[in-house]
Every structure is written in C-alpha cells, then in structure tokens.
Amino acid sequence: ADTSSSSEDFSLTASDLGADSFILDQADSGLWYEVVEWCAPFLPEGIVLAWDEEQVAELIIGISQSQSFQNLLAKKFEERKEKRRQQSQQANSPPAPASSSNSNNNNNDSNSNDQPSNSSNNSDSSASQPASPIVTQDSTPALIELNASEPLFVFEIPYALAQQVLQVDPKLGQLRLKWVPSRVSEETFWSEFFITVIQVVKKHVISTQQHVQTQGISSA
C-alpha cells in the first residue's frame, strides 16, 4: 500500500482526548491485550512488554478524537485527489502524434540486410526496460508497509480487531462514516489507524519500561 503510509510522530494531548472521562470496561479487557499482542512484532527488539491496560485503552480510544489522526486522513485524501486528477489528465490527453519513426523504420527495413544487428539491438534494449507500474492505494492488497526510520514492517490490516474497537469506541465509527468511502478508502482509513495504534503503544511500552528501570535504580 502506499505502502508508504504516514509515519509521522503521533501524540495525544488533553485537548485531543476531550472532556469525556474514560472508564475502563472490564469486559473489554481482552481486547486491549489482543491489541498490544498484535503490536508486539513492531516494537523494539529486547523490550520488556510491560504496559498499563487502562492507559493503553485510553490512548487507543483517544485516536478517534485526535486532530493528528484526522490530519493523516486529510493528507491521504489530498493524495487520492491528486492521483485521480493525474489519471483524468492522462485519460483526456490527446494521443501522441505519430513520430518519424515510421519513415525511419522503412529506411531501416530497406537497409536491414546491411545492418540487421543495429535495429534488433535497439528494439531489444527498449523492450527490456518495462515502465514502472503505477500502484494506487485502492487497488493494492491490504498489506501496509511501515517504515519510521526503522526496519521495514509489513502487516495485513486486522479487520477483526478493527470491528472490536468500533464496538467500544462509537466516535471512531462516526469518524469512519465521515471519511469512508467519500474521502478515503476503507483500507486507507484502517491502515492509518493501526499505524497510529502501533506508534502510541510503542511510546507507552518504552515509557513504561523506562519508568520501571528508574524505579529499580532508585530502590537499589
């Protein structure tokens, strides 16, 4: 997928989360465990998977209220419009005028007995250089590349987890209806969402580990 999905730094502020208080529903406890487990392969090697369930839940639910996340979607929307504009221009552009290659080919044909290798070599060299395929977000499989100055990760969008998160976060469902499919595709929406999930979980786990290490040093 673009496959260059956005990997800009993501953070949540108090204003992002809004005034609504967050209460952890124990019935959803298994969901947040599944989310963190899904994120585990994208975390730094050797890190201790220590995390606070309530904080992770609050961070992930807060994504739907974050202006940062909507900015990512807006960026994808603009990219989509630009691709469609370019495709429309290409479709409406007149065919390229006939070049002088036809007459040259006739001359080459007449001289083919004298110089057979030159004409064949020229045609072979052009044929051996296929044009790079144009891949759009909407036509690619649900595999997203995440490269935030780190090793390249490829993942399939976990739609089962997405469905569960929708059930516990009505505002995410409202945001999805706002953006899909009028502005971005279903795949784009969820790829940006789960890349953001990876980023907030990664920050939380690293911060938790640093806190644990600091507590261990101070108590030693």
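Reader: Before anything else, what does "buried" mean here?
Author: A residue is called buried when its relative accessible area is under 20%. In this predicted model, buried residues make up 34% of the 220 residues in the protein chain.

Reader: And how many helices and strands are there in the chain?
Author: The protein chain has nine helices and two strands, and, read along the sequence, they follow the pattern α-α-α-α-α-α-β-β-α-α-α.

Reader: Okay, which residues have the most contacts inside the largest nonpolar core?
Author: That core has 39 residues, and those with the most contacts inside it are Ile-60, Phe-189, Trp-190, Phe-193, Phe-194 and Val-197. Several helices supply at least two residues each, including helix 2, helix 3 and helix 7 (159-168), while the largest share, ten residues, comes from helix 9.

Reader: What is Phe-194 in contact with, leaving aside its neighbours within four places in sequence?
Author: With those neighbours set aside, Phe-194 touches Trp-38, Phe-155, Ile-157, Pro-158, Leu-161 and Ala-162.

Reader: Switching topic, at what angle do the axes of helix 2 and helix 3 cross?
Author: The axes of helix 2 (residues 29-39) and helix 3 (residues 53-62) cross at roughly 80° and come within 10 Å, so helix 2 is roughly perpendicular to helix 3.

Reader: Which residues make that contact?
Author: Helix 2 contributes Ser-29, Trp-32, Val-35 and Val-36, and helix 3 contributes Glu-53, Val-56, Ala-57, Ile-60 and Ile-61. Taken by type, the residues of this contact divide into seven nonpolar, one polar and one charged.

Note on methods:
Residues are numbered from 1 along each chain as its sequence is written. This is a predicted model: local features need pLDDT of at least 70, side-chain atom pairs count only at pLDDT 80 or more; totals for chains, interfaces and linings use all residues. Side-chain values use heavy atoms; hydrogens and water are left out. Axes are lines fitted to C-alpha atoms, for helices over the stretch in contact, and angles run from 0 to 180 degrees between N-to-C directions. Helices (H or I, at least four residues) and strands (E, at least two) are DSSP runs, numbered from the N terminus. Angles under 35 degrees count as roughly parallel, over 145 as roughly antiparallel, 65 to 115 as roughly perpendicular and the rest as oblique. Contact means heavy atoms within 4.5 Å. Ala, Val, Leu, Ile, Met, Phe, Trp, Tyr, Cys and Pro count as nonpolar, Asp, Glu, Lys and Arg as charged, and the others, Gly among them, as polar. A nonpolar core is a set of buried Ala, Val, Leu, Ile, Met, Phe, Trp, Tyr and Cys residues joined through side-chain atoms within 4.5 Å. Buried means under 20% relative accessible area, exposed over 50%, partly exposed in between (1.4 Å probe, protein chains only).
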